[in-house]
Each structure stands twice: as C-alpha cells, then as structure tokens.
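Please work through this model with me.

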Amino acid sequence: MRIIAGTLRGRRLNPPASLPVRPTTDMARESLFNILNNYVDFEECTVMDLFAGTGAVSFEFVSRGVREVTSIDINAHCTDYIKSEAARMDVRNLRVVRADVFDLLKRANRKFDIVFADPPYALEGLASLPDLVFQSEVLTEDGIFILEHPREFQFEEHPHFWQHRAYGKVNFTFFANKLDE
C-alpha cells in the first residue's frame with residue numbers, strides 16, 4: 001500500500017500479515033479522495049477514521065493537510081501499528097485511540113468535519129452505523145460521513161443519504177447533515 005497524494009505521497013505502508021484487516025485498495029482510496037477534492041477544503045478539516053485498521057485512510061488524510069485525524073480501532077495490534085507508522089513518518093496530527101466504535105459513538109463529545117468508517121464487511125451492526133453516527137452528533141453541521149461497505153448493503157433510502165459510488169467490490173456511501181436541495 002502506498003500513500004497516493006500530498007506531503008507523504010509515495011510512502012509505503014507495510015502492515016504485518018497478522019493484522020486482521022481488509023485494507024481499502026489504492027485505487028478505491030484514490031477514487032474516494034478525488035471525490036472529496038471537489039467538496040472539501042482539507043486544511044480546514046478534522047477527521048475521525050472508524051475501524052482504522054492499517055491507518056491507510058488516516059495517513060491519506062494527514063498527507064493532504066487536514067488539521068487533525070483521530071483513528072479508532074479496537075484491535076491493539078492495529079493501533080500499535082498506526083502509532084509506529086506515525087512515529088516513523090513524523091506525523092504529529094494523528095491521534096490513535098483503541099476503543100470499540102459502537103461504545104465510542106455512544107459517548108462521543110467532539111465533532112468532526114469528516115467521519116470515515118471501513119468496518120469488517122461481516123460486522124454485525126454494519127447497517128446501523130449511519131444511524132449511530134447521526135444520533136451521536138459527531139458530525140459538524142456541514143459534516144460528511146463516508147461508509148465503505150459490501151455491495152449487498154443499500155442506503156439510498158436513509159434520510160442523510162447523499163451519494164453512492166462503487167469501485168469493483170468496494171462501495172462508498174456518502175451521507176451528509178446538510179443535503180443540497
């Protein structure tokens with residue numbers, strides 16, 4: 001895996017094979033950020049990366065100049081790996097938290113401009129994530145929630161649905177607090 005653009009462009013992430021992750025492919029990440037480039041001023045953003053895994057998406061946001069990224073994962077090996085990579089790359093605006101995402105959303109007391117979630121595709125409760133994010137009020141008024149999910153999930157009927165994009169087996173559904181009329 002490589003970081004696609006920004007100040008860390010070209011840096012490689014080589015997570016150990018033992019990490020229980022399914023990283024977002026380089027092609028899918030590049031497509032995701034091409035979409036976000038049209039809607040987001042990265043330098044003004046704070047980001048929360050749920051189910052951060054290898055941290056690839058977190059590092060992509062950092063590389064593009066966001067103010068701060070908070071990476072959340074329940075697996076200690078994942079959070080340790082992200083911390084070690086942040087230290088190796090001298091990244092200082094990345095906060096890593098080991099926590100259960102569902103518990104964290106229930107007690108969240110901060111707001112973010114972007115919340116990204118890439119849960120395990122077989123995760124029980126995956127379909128409830130959009131509701132949990134909006135109920136937790138972790139998004140700013142103009143905030144965007146992006147959910148990576150398998151194709152069998154459809155969210156077009158969700159009241160905060162904004163758009164859906166598919167790249168092979170990777171699906172991104174975008175949700176927003178304020179929808180353009």
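Questions and answers on the fold, the strands and the rings follow.

This is a predicted model: local features need pLDDT of at least 70, side-chain atom pairs count only at pLDDT 80 or more, and totals for chains, interfaces and linings use all residues. Residues are numbered from 1 along each chain as its sequence is written, and side-chain values use heavy atoms, with hydrogens and water left out.

Q: What radius of gyration does the protein have?
A: The radius is taken over C-alpha atoms, and the globule rule is 2.2 Å times the number of residues to the power 0.38. The C-alpha trace spans about 45 × 35 × 35 Å along its principal axes. For 181 residues, a compact globule would come near 16 Å; the protein agrees with this, at 15 Å.

Q: What share of the contacts with a separation of 6 or more joins residues 24 or more positions apart?
A: Contact means heavy atoms within 4.5 Å. Among contacts with a separation of 6 or more, residues 24 or more positions apart account for 67%.
That is the share asked for: 67%.

Q: How many residues of strand β1 are buried?
A: Buried means under 20% relative accessible area, exposed over 50%, partly exposed in between (1.4 Å probe, protein chains only). In a regular strand the side chains alternate between the two faces of the sheet. In β1, Thr46, Met48 and Leu50 are buried on one side, and Val47 and Asp49 on the other. The strand is largely enclosed by the rest of the structure, so the count is 5 of the 5 residues.

Q: Which residue of β4 stands opposite Met48?
A: Two strands pair if DSSP finds at least two bridges between them. Strand β1 pairs with β4 (residues 112–117) in the parallel sense, over 4 bridges. Opposite Met48 stands Val115.

Q: Which residue of β2 stands opposite Asp49?
A: Strands β1 (residues 46–50) and β2 run parallel and are joined by 5 bridges. Val47 faces Val69 in β2. The residue opposite Asp49 is Ser71.

Q: Which residue in β3 is the bridge partner of Asp73?
A: Strand β2 (residues 68–73) has 5 of its 6 residues buried. It is joined to β3 (residues 94–98) by 5 bridges, and the two run parallel. The partner of Asp73 is Arg98.

Q: Which helix lies between β2 and β3 in their β-α-β unit?
A: A crossover is right-handed if, with the strands pointing away from the viewer, the path from the first strand over the helix to the second runs clockwise. One right-handed unit is made of β1, helix α2 (residues 56–63) and β2. A right-handed unit also takes in β2 and β3, with residues 76–88 as its helix, α3.

Q: Which residues outside its sequence neighbourhood is Arg64 in contact with?
A: Arg64 sits in the loop between α2 and β2. It counts as buried, at 15% relative accessibility. Leaving aside neighbours within four places in sequence, its contacts are Ile4, Ala5, Phe33, Asn37 and Phe42.

Q: Is the pair of Phe33 and Phe42 stacked or tilted?
A: Rings of Phe, Tyr and Trp (its six-membered ring) pair if their centres lie within 6.5 Å; planes under 30 degrees apart count as stacked, over 60 as edge-to-face and the rest as tilted. The structure holds 12 aromatic pairs. In this one the centres are 6.0 Å apart and the planes stand at 35°, so the pair is tilted.

Q: How many residues apart are Phe51 and Phe102?
A: These two rings form an edge-to-face pair, 6.4 Å centre to centre with 70° between the planes. Phe51 lies in the loop between β1 and α2, Phe102 in helix α4 (residues 101–107), and they are apart by 51 residues.

Q: At what distance from the ring centre of Tyr121 is Arg22?
A: A charge sits over a ring if NZ of Lys or CZ of Arg is within 6 Å of the ring centre and within 35 degrees of the ring normal. Arg22 lies over the face of Tyr121, at 3.6 Å.
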